[in-house]
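Have the sequence and the 3D view ready.

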Amino acid sequence: MRNFNDRTLLFDTNVLLDAVVEGRPESREAWDVLRRCNGGGDLGMVTSGSLKDAYYVLCRYGKEAEARQAVMTLMELLVIAPMGAEECELSIHSNEPDFEDGLVRACAELNNVDFILTRDAEAFRASTVRAMTCAEYLEICEG
């Protein structure tokens, strides 16, 4: 049974990169939130597209084996959310200026996600799901 304080979180690509690349903004905060999803009560979700994008970026700036290991670690900590035609339809017809952000938004809305974790301040403003940074989320949890 789910605890009242437990929340469902959807991780945007930039937060995934923060978690696996030391020195990026909010790297520590991203890992703190991931710890909450690994035994701390929260359910962390990710889209397959965000994993793909993180892998691509990591390969460009490192070794393929390291990128693969980072994505495998994220897959162990997060649930891969379903993504299909319905999310694509919602995204293409949404008011999100970026199709990828529209996919994340559609996924969050269709899966009753409580918060989208992102550092993209311009994205998800019109979503029914509140978007925030990992630092902002941790303040809510501690407050």
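Arg-125 has a relative accessibility of 62%, so it counts as exposed (over 50%; under 20% would be buried and anything in between partly exposed, with a 1.4 Å probe and protein chains only). You will find Arg-125 in the loop between strand E4 (115-117) and strand E5 (130-132); strands are DSSP runs of E with at least two residues, helices are runs of H or I with at least four, and both are numbered from the N terminus.

The side chain of Arg-125 makes a polar contact with the side chain of Glu-122 at 3.3 Å. That term means a pair of N or O atoms within 3.5 Å; within protein, one must be able to donate a hydrogen and the other to accept it, and residues adjacent in sequence count only if both atoms are side-chain atoms. The Arg-125 side chain also reaches the backbone oxygen of Ala-121, at 3.3 Å.

## Where H5 meets H6

Now look at helix H5 (residues 85-92) and helix H6 (residues 99-110), whose axes come within 8 Å and cross at roughly 120°. Axes are lines fitted to C-alpha atoms, for helices over the stretch in contact, and angles run from 0 to 180 degrees between N-to-C directions.

## About the model

This is a predicted model, in which local features need pLDDT of at least 70, side-chain atom pairs count only at pLDDT 80 or more, and totals for chains, interfaces and linings use all residues. Residues are numbered from 1 along each chain as its sequence is written, and side-chain values use heavy atoms, leaving out hydrogens and water.
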